[in-house]
Amino acid sequence: MVTVDTISLEDARRIAVRAQLLGRDRPTGLVEMVRKLTLLQIDPTAAIAPTADLVSWSRLGPSYSPADLPTALQKRELVELAATIRPAEDMALYRAEMAALSHRPVTAEWQKRHREFVDGNAACRRDILARLTAEGPLPSRKLPDTCAVPWKSTGWTNDQNVIRLLDAMAARGEVAVAGRLGRDRLWDLAERVYPDDPVVPEKEAAQRRNERRLTALGIARAKATKVPIEPYDVGAAGVPVRVEGVTGEWRVDPSQVGQPFEGRAALLSPFDRLIHDRKRTMELFGFDYGLEMYKPAAKRQWGYYALPILYHDRLIGKLDATADRKAGMLRVNAIHQDEKFTKTVRAAVDDEIASLATWLELKMTEAP
């Protein structure tokens with residue numbers, strides 16, 4: 001086992017950037033990229049572009065076409081799971097945990113509520129499975145709502161019985177997203193969607209997921225606050241390391257220590273994994289960022305859907321822009337400089353914004 005005692009803050013940033021495939025050398029294709037990143041997050045907001053496409057463009061550049069993603073999903077090279085897109089072969093690392101979910105003890109009130117909802121609708125579950133067996137893949141609106149226990153919520157999911165039940169069944173590995181029809185998910189039996197690979201035992205799978213996550217992040221905490229979708233921490237993966245000027249112990253992928261680094265300019269999605277862990281982003285990059293789409297306009301510092309700006313191993317600002325597709329324009333409202341841009345940096349950032357407009361097939365205009 002390689003041991004690493006201390007690394008500089010600059011080296012920590014470079015490891016993180018390189019691991020996220022944001023260096024000068026770009027990955028060669030979408031599926032290869034997702035295998036290395038382990039996931040693409042799905043989010044419905046598309047003020048500029050859907051986040052899965054924006055993350056892919058940030059890495060692949062002009063060679064990436066949004067049509068590549070549905071093609072890879074149709075071929076089952078990639079699969080959709082719980083608001084993420086993952087390599088199909090990685091499902092072997094989740095299925096043991098899925099199978100155990102239905103009989104695992106629950107303690108939190110929300111977990112009890114979910115369990116009662118699913119258990120109380122066993123007949124509807126069987127109806128859905130029977131319909132999918134006979135006719136799948138189908139959108140949720142084509143599936144029978146025979147729920148005896150309705151889903152109640154003060155939010156937008158209230159009375160969405162079938163959708164909530166499908167999500168629960170997907171978490172248990174019974175059904176899976178087989179594709180999309182517009183924004184609608186198409187559902188089918190999981191056995192028809194996921195590869196028929198040997199299922200990795202639960203404990204081993206959790207360890208391998210941590211190792212995969214650390215490879216994608218480069219450097220991370222062993223323990224972090226629990227968050228939905230994808231953890232920030234990596235357990236005992238990698239080796240312990242200290243970062244100069246930052247308190248506490250980190251875990252680092254030893255294969256990425258001491259590797260050469262060549263950076264570039266990049267525009268990032270607000271959901272990009274480089275900056276998704278805001279605490280890590282502040283500790284390693286000194287970068288203050290938050291998604292402001294849920295704030296009143298008057299209280300926004302950087303804009304509705306501002307894109308973090310990366311230059312080599314520094315996060316240097318935010319781009320406030322909007323894709324106005326009706327007008328055929330990428331409207332650049334502001335470029336917020338966290339540190340003053342040199343001429344070289346400004347030229348590189350301007351080139352990246354122009355590349356974004358070209359990729360979106362929009363003309364670029366700056367606010368007066």
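Which elements do the buried residues of α10 pack against? The legends below take up this question and others on a predicted model.

**Figure 1. Helix α10 and the elements around its buried residues.** The buried residues of α10 pack against α1 (9-19), α2, α5 (95-101), β8 (219-221), β10 (250-252) and α11 (278-285). These buried residues are A205, R209, N210, R213, L214, A216 and L217. An α-helix has 3.6 residues a turn, so residues three or four places apart point the same way.

**Figure 2. Span and end of helix α10.** The helix covers residues 202-217, 16 residues in total. From its first C-alpha to its last, α10 reaches 22 Å, close to the 22 Å expected at 1.5 Å a residue.

**Figure 3. Crossing of helices α2 and α3.** The axes of α2 (residues 30-37) and α3 (residues 51-60) come within 11 Å of each other and cross at roughly 100°. The two helices are therefore roughly perpendicular to each other. On the α2 side, the contact is made by L30, M33 and L37; on the α3 side, V55, S56, R59 and L60 take part. By class, the residues of this contact are 5 nonpolar, 1 polar and 1 charged. Helix α2 is also one of the elements against which the buried residues of α10 pack.

**Figure 4. Crossing of helices α1 and α11.** Here the helix axes come within 9 Å and cross at roughly 135°. That angle makes α1 oblique to α11. Helix α1 contributes L9, A12, R13, A16 and V17 to the contact, and α11 contributes R280, E283, L284 and F285. The residues of the contact divide into 6 nonpolar, no polar and 3 charged. Both α1 and α11 are among the elements that the buried residues of α10 pack against.

**Figure 5. Setting of the close-ups within the whole protein.** The secondary structure comes to 12 helices and 15 strands. The radius of gyration is 22 Å, close to the 21 Å that the globule rule gives for 368 residues, so the protein is as compact as a globular protein of that length. Along the principal axes, the C-alpha atoms fill a box of roughly 65 × 55 × 40 Å. Of the 368 residues, 48% count as buried. Among contacts with a separation of 6 or more, 62% are accounted for by residues 24 or more positions apart.

Note on methods: Residues are numbered from 1 along each chain as its sequence is written. This is a predicted model: local features need pLDDT of at least 70, side-chain atom pairs count only at pLDDT 80 or more; totals for chains, interfaces and linings use all residues. Side-chain values use heavy atoms; hydrogens and water are left out. Axes are lines fitted to C-alpha atoms, for helices over the stretch in contact, and angles run from 0 to 180 degrees between N-to-C directions. Helices (H or I, at least four residues) and strands (E, at least two) are DSSP runs, numbered from the N terminus. Angles under 35 degrees count as roughly parallel, over 145 as roughly antiparallel, 65 to 115 as roughly perpendicular and the rest as oblique. Contact means heavy atoms within 4.5 Å. Ala, Val, Leu, Ile, Met, Phe, Trp, Tyr, Cys and Pro count as nonpolar, Asp, Glu, Lys and Arg as charged, and the others, Gly among them, as polar. The expected span of a helix is 1.5 Å times one less than its number of residues. Buried means under 20% relative accessible area, exposed over 50%, partly exposed in between (1.4 Å probe, protein chains only). The radius of gyration is taken over C-alpha atoms; the globule rule is 2.2 Å times the number of residues to the power 0.38.
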